[in-house]
Amino acid sequence: MTLLFAALTGIALAACAGLRVFLPLFAAGAAARFFDWPLASSMQWLSGDSALVTFGVASVVEVVADKVPALDHILDAAQTFLAPAAGAMVAVSSLPELSPA
């Protein structure tokens, strides 16, 4: 099971780096809520209602904005800074043994 979690974490980090920013965060929260994905204690908020709604709506907006050239350019500029932060959050959330410090 640990190998599966490691593989899924790698896929989520790759998605943050090249595909989407909010979708991996939504997927991590949904996996924690519905499929018992282990989250670090400091990242339990990812499986909360407000986080799932926020990241779900942001994922839909991100996909729709990708279809409009001007919005896509703005989105790509923002993702330059958001993608590393999202990747770090997914990585930290999937390490339940990691101390909060």
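From the N terminus on, the elements of the protein run α-α-α-α, which amounts to four helices and zero strands, where helices (H or I, at least four residues) and strands (E, at least two) are DSSP runs numbered from the N terminus. This is a predicted model, in which local features need pLDDT of at least 70 and side-chain atom pairs count only at pLDDT 80 or more, while totals for chains, interfaces and linings use all residues. Residues are numbered from 1 along each chain as its sequence is written, and side-chain values use heavy atoms, with hydrogens and water left out.

The predictor's confidence in each residue is given as pLDDT, from 0 to 100. Its mean for the protein is 78, and 74% of the residues reach 70 or more; confidence is lowest in helix H1 (residues 2-18), at a mean of 64, and highest in H3, at 88.

Of the 101 residues in the protein, 36% are buried, a word that here means under 20% relative accessible area, with exposed meaning over 50% and partly exposed in between (1.4 Å probe, protein chains only). The accessible surface, from the Shrake-Rupley method with a 1.4 Å probe, comes to about 6100 Å², and 75% of it belongs to carbon and sulfur atoms. Taking contact to mean heavy atoms within 4.5 Å, 67% of the contacts between residues at least 6 apart in sequence join residues at least 24 apart.

### Aromatic pairs

Rings of Phe, Tyr and Trp (its six-membered ring) pair if their centres lie within 6.5 Å, and planes under 30 degrees apart count as stacked, over 60 as edge-to-face and the rest as tilted. By this rule the count comes to two aromatic pairs, as the table sets out.

| Pair | Centre to centre | Angle between planes | Class |
|---|---|---|---|
| Phe-22 and Phe-55 | 6.3 Å | 25 degrees | stacked |
| Trp-45 and Phe-55 | 6.3 Å | 45 degrees | tilted |

Phe-55 counts as buried at 10% relative accessibility, whereas Phe-22 is partly exposed at 23% and Trp-45 is partly exposed at 42%.

### The nonpolar core

A nonpolar core is a set of buried Ala, Val, Leu, Ile, Met, Phe, Trp, Tyr and Cys residues joined through side-chain atoms within 4.5 Å. In the largest one, which has 14 residues, Leu-25, Trp-37, Leu-39, Leu-46 and Phe-55 touch the most other members. The elements that give two or more residues to this core are H2, H3 and helix H4 (69-93). Leaving aside residues up to four places away in sequence, Leu-25 touches Leu-46, Phe-55, Ala-86, Met-89 and Val-90.

### A buried glutamate

Glu-62 lies in helix H3 and counts as buried, at 2% relative accessibility. Its side chain reaches the backbone nitrogen of Phe-22 at 3.4 Å, a polar contact being a pair of N or O atoms within 3.5 Å in which, within protein, one must be able to donate a hydrogen and the other to accept it, and residues adjacent in sequence count only if both atoms are side-chain atoms. Again not counting residues up to four places away in sequence, Glu-62 touches Arg-20, Val-21, Phe-22, Leu-23, Leu-75 and Gln-79.
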